Amino acid sequence: MSDYLPNDERYSQMHYRRSGQSGLKLPRISLGLWHNFGDTAVQDNARKLIRHAFDCGITHFDLANNYGPPPGSAEENFGKILKQDFCSLRDELVISTKAGYPMWTGPYGDGGSKKYLISSLDQSLQRMDLDYVDIFYHHRPDPNTPLEETMAALDLIVRQGKALYVGLSNYPAELTKRASQILKALGTPCIIHQPKYSMFERWVENGLLDVLAEEQIGGIAFSPLAGGLLTDRYLNGIPDDSRAAKDGRFLKPADITDTRLKVISELNHVAYLRGQKLSQTALQWVLRQPAITSVLIGASKTSQIDDAIAAPHFCELSAKELSRIEEILAAGNA
């Protein structure tokens, strides 16, 4: 029997916003389980992070079939935590997962076919011991599968009761628009799009944010802190226990150049003048976009969750501050 008693004040700590034109409200800060929840993670810490996030009003937990390592283990471990601590709280949680990257061998373990998407979600539900997820995403476009087939699979998944809502991830602007229109015609609208977006990754500003507004789709940004670069973690170089030092898959030491460090230092000064941490300024910078419903953070410590949930409570970035940030970023790209 669990000893977990959730914080009675959890919903007073978080801002929530409707995703697109749907009735689903998401917390402004959501927790992604891309890192620190696989079999290589310390499971007691993973459980501690999930509990703390929920105590802070984070109701949305984001997964994918391939999260780990190894692939699938983040879902398995999250399922165990749900069973231990959240059996009576399922209706207060928004749980999302995705499929689109390689997951098993053979011709049916990757892509956007109906065969793959249906099979993958069935496996995800089994790993988490759930009857349904709240949001199911196609994780990336598949040029080898007709878009109509992929969207029909998402529609079928909702009609089967295996997901309440559907979304897209990593889709470019024009393809997002086409996919959204297909889903609307089927009667299962796309309510959310998950792109990579930060001060250092701004491709969404070249059309995608406009499409999200036009199609009334919510946006949820992943990697809003650029893999940890937009924190005070690297102000003095690369710490031995940092992601760049330990795991070069997503952030390499070669990415942390003198020019990049100068940009980070100057952005940190903007944050300092605001009385907040660089990570908090970086999150507010992403959340300033009307099309962005929520940001996905990763965490290895509860203090990182605390820092993130405090960010939306600071005053909005002023025109002067935004202009200064643009100057800094432009100089770093010169």
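Colleague: In this predicted model, between which elements does the loop that holds Ala226 lie?
Modeller: Ala226 sits in a loop of this predicted model. The elements on its two sides are S9 and helix H7 (243–246).

Colleague: Is Ala226 buried or exposed?
Modeller: Ala226 is not a glycine, although its phi is positive, at about 50 degrees. Its relative accessibility is 14%. The cut-off for buried is under 20%, so Ala226 counts as buried.

Colleague: Which class of accessibility does Gln216 fall into?
Modeller: Gln216 is found in the loop between helix H6 (208–215) and strand S9 (218–221). Gln216 also has a positive phi, near 60 degrees, in a residue other than glycine. Its relative accessibility is 39%. Because buried means under 20% and exposed over 50%, Gln216 counts as partly exposed.

Colleague: What is the omega of the peptide bond from Gly68 to Pro69?
Modeller: Pro69 belongs to the loop between strand S4 (60–62) and helix H2 (73–85). The bond from Gly68 to Pro69 is cis, and its omega is near -5 degrees.

Colleague: What is omega for the bond that joins Pro69 and Pro70?
Modeller: Pro70 lies in the loop between S4 and H2. The peptide bond joining Pro69 and Pro70 is cis. Its omega is about -10 degrees.

Colleague: Which residues of H9 meet H8?
Modeller: On the H8 side, the contact involves Ile264, Leu267, Asn268, Ala271 and Arg274. By class, the contact of H8 with H9 has four nonpolar, three polar and one charged residues. The residues in H9 are Leu278, Thr281 and Gln284.

Colleague: How many charged residues does the contact of H4 with H5 have?
Modeller: H4 passes H5 in a right-handed crossing. Residues in the contact include Met151 and Asp155 in H4, and Arg178 and Ile182 in H5. By class, the contact has nine nonpolar residues and no polar ones, and the number of charged residues is four.

Definitions and conventions. Residues numbered from 1 in each chain as written. Predicted model: local features only at pLDDT ≥ 70, side-chain atom pairs only at ≥ 80, totals over all residues. Heavy atoms only, no water. Helix = DSSP H or I, 4+ residues; strand = E, 2+ residues; numbered from the N terminus. Buried < 20%, exposed > 50% of the residue type's maximum accessible area, 1.4 Å probe, protein only. Contact = heavy atoms within 4.5 Å. Nonpolar A, V, L, I, M, F, W, Y, C, P; charged D, E, K, R; others polar. Left-handed = near helix turned anticlockwise from the far one by under 90°.
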